Amino acid sequence: MEQRFWPYYLNSRRLMDLTGYDIPVAAQAPLRPNSGGRAAAMRTAAQVARGLLEAGDVPSLTEKLIKGVDDGELFTALTWGVFKFTGLTAAVRAQEAGKIAPPGSFSGTLQVGDTEYAVEGELSNDHVYSDTSVGLMSNRKRVLIMGRFEVSGLAVTVHPIAIGDVVQGMGILEVSWKSLARVYVDQIDTFAAVRNVKPPKAADLAQLRAMPEEVVKASFADIIGEPFVPKDWGGETSDLQTSQVQIEGARVSSAFIFKGPGLKGSLHPANMGKRGDQLLRAFREPADLIVVQHCDKIENTVATTAEAFAINPARPRRYCIIDGSDTWRLLRAYGKI
């Protein structure tokens, strides 16, 4: 079942500038009253936005920041993350009453390697997709934002073009891809025996940390049934590629990143190549599942970065985080430790 972008907010003028498609001018009318003509025009704008996002021509903001951008540079990109929305409901109500109120806004942070950027932008009532969208853009929400971005030091200003979710299914059966993108080790059929193993004790983890990374990688390959185990080299995008992993009875092309005992302590994006670009390179591989393994704790910033790359309408992926506890359980389940 395919994934698709579901809009909360669309700037039809910007979409026409980017694509050259004509979108009826009714899409630029105020939300209240939301006439039938406006609703139809917004549906057209949604189709244009989906086509643009699914074409894969819009880079991720994380990728742009990893590569480096100049202060003041204005560019089009997209980002997925948690943002706090404020003031939109009040602004819409004020407009309906013929009054003026400050525009709605949103803010959040973006981790790139060991650098944290502050991201913020404003919302125009005229670009809100529907009445339902007002409620969806309130408080803290995980959303996809495509827009024009401007970087000044560690501050990123967004001029939003499209805001929404990535969903799977149709109508009342729609499910946000964020709830499906992350796969836990217990959900992978190939690792089914792990379901019967309890979490390790401190002494067990100490034993795991003494295992060389090559042994861990070879153990995973043997469990998976992957006969081709590449040797490490400087230009690798991932450490193991395989089509032997199965989820829900189907084979899933997978790419593994192994961070063995050579890395002491927790795994952060900054430990994964230049500004975290190892994850970026892994998500460029022709794989539907990206797995990050470490023999110790894996920080949430690794998971959020992986989620940001996984939730992309042009190429939705799934990802799995296997920390030291799950690594020990897996190796124990298959007699490798």
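Here is a short chat about the predicted model shown above.

Q: Before we start, what kind of model is this?
A: A predicted one: local features need pLDDT of at least 70, side-chain atom pairs count only at pLDDT 80 or more, and totals for chains, interfaces and linings use all residues. Residues are numbered from 1 along each chain as its sequence is written, and side-chain values use heavy atoms, with hydrogens and water left out.

Q: What about just after α4?
A: Gly98 sits there, with a positive phi of about 75 degrees.

Q: Which residues other than glycine have a positive phi?
A: Asn139 is one of them, with phi near 60 degrees, and Glu248 is another, near 55 degrees. Most residues other than glycine have a negative phi. Asn139 is in strand β5 and is exposed, at 55% relative accessible area. Glu248 is in the loop between β9 (246-247) and β10 (250-251), and is exposed too, at 71%.

Q: Switching to the core: which residues touch the most other members?
A: In the largest nonpolar core, which has 74 residues, they are Leu10, Leu15, Met146, Ile163 and Leu279. Helix α2 (residues 36-55) gives the most to this core, with 8 residues. A nonpolar core is a set of buried Ala, Val, Leu, Ile, Met, Phe, Trp, Tyr and Cys residues joined through side-chain atoms within 4.5 Å.

Q: What does Leu15 touch?
A: Not counting residues up to four places away in sequence, the contacts of Leu15 include Leu10, Ile23, Val48, Leu52, Met146 and Ile161. Apart from that core lies another, of 29 residues, among them Leu208, Met211, Ile224 and Leu289.

Q: How many disulfides does the structure hold?
A: It holds 0, where a disulfide is a pair of cysteine sulfur atoms within 2.5 Å. The sulfur of Cys295 is 14 Å from the closest cysteine sulfur, in Cys320, so the two are too far apart for a bond. Cys295 counts as buried, at 2% relative accessibility, and Cys320 is buried as well, at 0%.

Q: Now pockets. What volume does the largest pocket have?
A: About 380 Å³. The lining has 21 residues, of which Gly81, Val82, Thr109, Leu110 and Thr304 lie nearest the pocket's centre. The elements giving two or more residues to that lining are β2, β3, β5 (139-152) and α10 (300-310).

Q: How are pockets and cavities defined?
A: On a 1 Å grid over the protein atoms alone, a cavity is a set of points where a 1.4 Å probe fits but cannot get out, while a pocket is an open set with protein on both sides within 12 Å along at least five of seven lines. Lining residues have an atom within 4 Å of a point. Grid points are joined across faces, edges and corners, and a volume is the space filled by probe spheres set on the points.

Q: How many cavities of 30 Å³ or more are there?
A: There are 2, and the largest cavity has a volume of about 40 Å³. Ser60, Leu61, Thr62, Leu78, Thr79, Trp80, Ala308 and Phe309 line the largest cavity. β2 gives the most to that lining, with 3 residues.

Q: Back to α10: why is it described as largely enclosed?
A: Because 8 of the 11 residues of α10 are buried. Among them are Val302, Thr305, Glu307 and Phe309.

Notes. Helix = DSSP H or I, 4+ residues; strand = E, 2+ residues; numbered from the N terminus. Buried < 20%, exposed > 50% of the residue type's maximum accessible area, 1.4 Å probe, protein only. Contact = heavy atoms within 4.5 Å.
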